[in-house]
Amino acid sequence: YTKSEEDLLKSEFRLLDVDNELFLPILTPIRLLVTSQDVIHSVFLPSLGIKIDSIPGRINHASIFLLREGKFYGQCTELCGQKHEQMSIVLNGVK
């Protein structure tokens, strides 16, 4: 979930930082399998060049290979329902 404004620290971004971040290893091939249970979502991580749709009843896949450590921000780009603007993702590349 996106952090509420009351919970944000000064160094965090409004509507981008989340309470549970995703940690993935760098220099390792990673295959993403994406699906949905309710409506169509579309995960967009612009700094990684990834945009993948999650569709109920289907499995989409993508491959990533992180070259550097860092924090990458993304959001859902589909109008998937209530609080759509608060569907954020934070991916951390770690050693």
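## Getting started

Strands (E, at least two residues) and helices (H or I, at least four) are DSSP runs, numbered from the N terminus. This is a predicted model, where local features need pLDDT of at least 70 and side-chain atom pairs count only at pLDDT 80 or more, while totals for chains, interfaces and linings use all residues. Residues are numbered from 1 along each chain as its sequence is written, and side-chain values use heavy atoms, leaving out hydrogens and water.

## The sheet

Let's begin with the strands. An open sheet of mixed pairing is built from 5 strands, in the order E1-E7-E6-E3-E4. At its edges sit E1 and strand E4 (50-54), each pairing on one side only; to count as a pair, two strands need at least two DSSP bridges between them. From one strand to the next, the twist averages 25 degrees.

Strand E6 (residues 70-76) and strand E7 (residues 88-94) run antiparallel, joined by 6 bridges. Phe 72 has Leu 91 in E7 as its bridge partner.

## Leu 27

Leu 27 lies in the loop between strand E1 (22-25) and strand E2 (29-34). Its phi is positive, about 55 degrees, although Leu 27 is not a glycine. Most residues other than glycine have a negative phi. Leu 27 counts as exposed because its relative accessibility is 54% (exposed is over 50%, buried under 20%, partly exposed in between, with a 1.4 Å probe and protein chains only).

## Phe 65

Phe 65 belongs to strand E5 (residues 60-65). With a relative accessible area of 44%, Phe 65 is partly exposed.

Technical notes:
Axes fitted to C-alpha atoms, helices over the stretch in contact; angles between N-to-C directions.
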